[in-house]
Amino acid sequence: MASRLEARFTVRWRDRYPCLLDKTASTPFDRHYIYHVAWAARVLARTNPTLHIDISSSLNFCSVVSAFIPVKFYDYRPVDLRLSNLSSDSANLAALPFDDRSVSSLSCMHVIEHIGLGRYGDRVDPDGDLKAIKELQRVLGADGSLLFVAPIGKPKIQFNAHRIYSYEQIYAYFRDLKLEEFALIPDRPQDGGLIAGASPEMADAQHYGCGCFWFKRPA
């Protein structure tokens, strides 16, 4: 057996790479980061924009969506990601490089909760998230779509990782926009995966749920 194996591969002690914890009953995954990008991709499949602008969301999301829709990705920390139909640049979410009401398709997912906490090298600012939200609303055009995702439940700051918002906080912060759709990723898998049309009460009952908001600016 050893001689047959060695004819196909080198087998050396120094190349050992033991993986001892992967024998699980089911395949594990990060519920927030699988479900929320799946939700967002499905919205974009419906809206089918000619160009989508993303601010600091999942690179997996932008990479996959760019196979079908041109995507421009912006982040506080530039990324060297080279794919057709995908471009990237640096941007400060508190001062976006776009004219007022100039973006028709926009996403900012699992980002706002970090702004102003200094986690990624940005300046500590207790109202950094509010300034960023104001910018997202400023640049969103008439009849434009904004896909916004943030942790949801009982409001708190877990410094310097993230904030958790209530449903009503997010709804109020985007008062100038119309809520087209809301979906919830609850804490417990047994409560569901991605729950479309979840109630505000269910959202606020979470410890660290994931709220997916599709906002539109009235034409």
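Author: We'll take the sheet, a helix and the aromatic rings in turn.
Author: This is a predicted model: local features need pLDDT of at least 70, side-chain atom pairs count only at pLDDT 80 or more, and totals for chains, interfaces and linings use all residues. Residues are numbered from 1 along each chain as its sequence is written, and side-chain values use heavy atoms, leaving out hydrogens and water.

Reader: What's the strand order in the open sheet?

Author: S3-S2-S1-S4-S5-S10-S8-S9, eight strands with mixed pairing. Strands are DSSP E runs of at least two residues, helices H or I runs of at least four, numbered from the N terminus. Two strands pair if DSSP finds at least two bridges between them.

Reader: Which strands stand at the edges?

Author: S3 (86-90) and S9 (195-196). Each has a single partner strand, so one side of each lacks a neighbour in the sheet.

Reader: In what sense do S8 and S10 pair?

Author: Antiparallel, over seven bridges. Lys178 stands opposite Lys216 in S10.

Reader: Switching to H4. What end-to-end distance does it have?

Author: Its end C-alpha atoms are 17 Å apart. At 1.5 Å times one less than the number of residues, the twelve residues 128-139 should span 16 Å, which agrees.

Reader: Now rings. How many aromatic pairs?

Author: Ten. Rings of Phe, Tyr and Trp (its six-membered ring) pair if their centres lie within 6.5 Å; planes under 30 degrees apart are stacked, over 60 edge-to-face, the rest tilted. Tyr167 and Phe182 have centres 5.1 Å apart and planes at 85°, so that pair is edge-to-face.

Reader: Where do Tyr167 and Phe182 sit?

Author: Tyr167 is in helix H5 and Phe182 in strand S8, 15 residues apart.
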